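Please open the structure in your viewer and keep the selection panel at hand. The stops below take you from one selection to the next.

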Amino acid sequence: MEKITLKYLRQRLLSRENESHKHDYGRLLVVAGCETMPGAALLATGAALRSGCGLVMLHSTPRTLFAAAANYPSAMLSEDEGSHFSTVPENMERYSAIAVGPGLGWSPSTMNAVMDLLTEACRRHIPAVIDADAINILAVLPEWRGLIPPGSVLTPHKGELKRLLPADSDDQRESLAMELCAATGCHIVMKGYHTRIFRPDGGVLVNTTGNPGMAKGGSGDVLTGLIGGLLARGYKAADATALGVWIHGYAGDVLSAEKTMEAYDSQDLISRLECGFKRLYL
């Protein structure tokens, strides 16, 4: 087990060229939110916009897009008519990564759309961050392992991992997680105290930032958007996950010092992601 440290991350940072434009830094598709859970989509989108990637497209329902337009004018918007995710966006070949899951719900049409989306991502070799309801949907499908695109990331909390990988003990479940990574080439970010990252090569990374003040609704949505943006930016899953969990946790540490662990929320995390980037680049 290896710790994620400043030294570890600084060796893996990408730079930006003077002669460059937004299309050089990737395009992320965020598929998140429904009429009753628009906030999850906004948190993921806001974090993605702070990741360094070139363009962020949010595909969601009308109510969610209305809120996104008011809060994040830099995001592009793709409308899914109705009250929940039911239609895969057109022109999937434009995207360099996908973040899917926060606030989607479990409606039958959403389950079918998640399968269609991941099938298309597999066909086009587009890596995905699979989180929240997308993980829960996978857990009830018989052949779900074949829906994980190459180079993808799963970001379950303990409950989601239990549904995805039933086992008699946590140790057995972790063994199953490592087997899944080896079989599919994915990375699993097991969120929690000292978040761990399971890798296809059998290695395990453990995060060194973060605190209990982050145990609040929406923190995971921020992480999904951040890792998705880093994948779109050009980082491979191994580095996108390590950078994502460290920067995310560092933002929480900064906020705990500023506001105490009790008095900040997940929206505040987005505004402090820059602190982790500054610490890494300066």
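**A tour by selection**

Begin with tryptophan 246, which at 4% relative accessibility counts as buried, where buried means under 20% relative accessible area, exposed means over 50%, and partly exposed lies in between (1.4 Å probe, protein chains only). This is a predicted model, in which local features need pLDDT of at least 70 and side-chain atom pairs count only at pLDDT 80 or more, while totals for chains, interfaces and linings use all residues. Residues are numbered from 1 along each chain as its sequence is written, and side-chain values use heavy atoms, with hydrogens and water left out.

A search of the whole structure finds one aromatic pair. The ring centres of tryptophan 246 and tyrosine 250 are 5.0 Å apart and the planes meet at 20°, so the pair is stacked. Rings of Phe, Tyr and Trp (its six-membered ring) pair if their centres lie within 6.5 Å, and planes under 30 degrees apart count as stacked, over 60 as edge-to-face and the rest as tilted.

Next, select arginine 16 and tyrosine 25: the charged end of arginine 16 sits over the ring of tyrosine 25, 3.9 Å from its centre. For this, NZ of Lys or CZ of Arg must be within 6 Å of the ring centre and within 35 degrees of the ring normal. Lysine 216 likewise lies over the face of tyrosine 264, at 4.2 Å from the ring centre.

Now move to strand β2 (residues 27-31), where five of its five residues are buried. Arg27, Leu29 and Val31 lie on one side, with Leu28 and Val30 on the other. Strand β2 pairs with strand β3 (residues 55-60) in the parallel sense over five bridges, pairing requiring that DSSP find at least two bridges between the strands. In β3, leucine 55 is the bridge partner of arginine 27. Four bridges also join β2 to strand β5 (residues 97-100), again running parallel, and leucine 29 stands opposite isoleucine 98 in β5.

Finish at glutamate 35, in the loop between β2 and α2, which counts as buried at 18% relative accessibility. Leaving aside residues up to four places away in sequence, glutamate 35 touches Thr61, Pro62, Arg63, Thr64, Gly82 and Ser83, contact meaning heavy atoms within 4.5 Å.

Technical notes
Helices (H or I, at least four residues) and strands (E, at least two) are DSSP runs, numbered from the N terminus.
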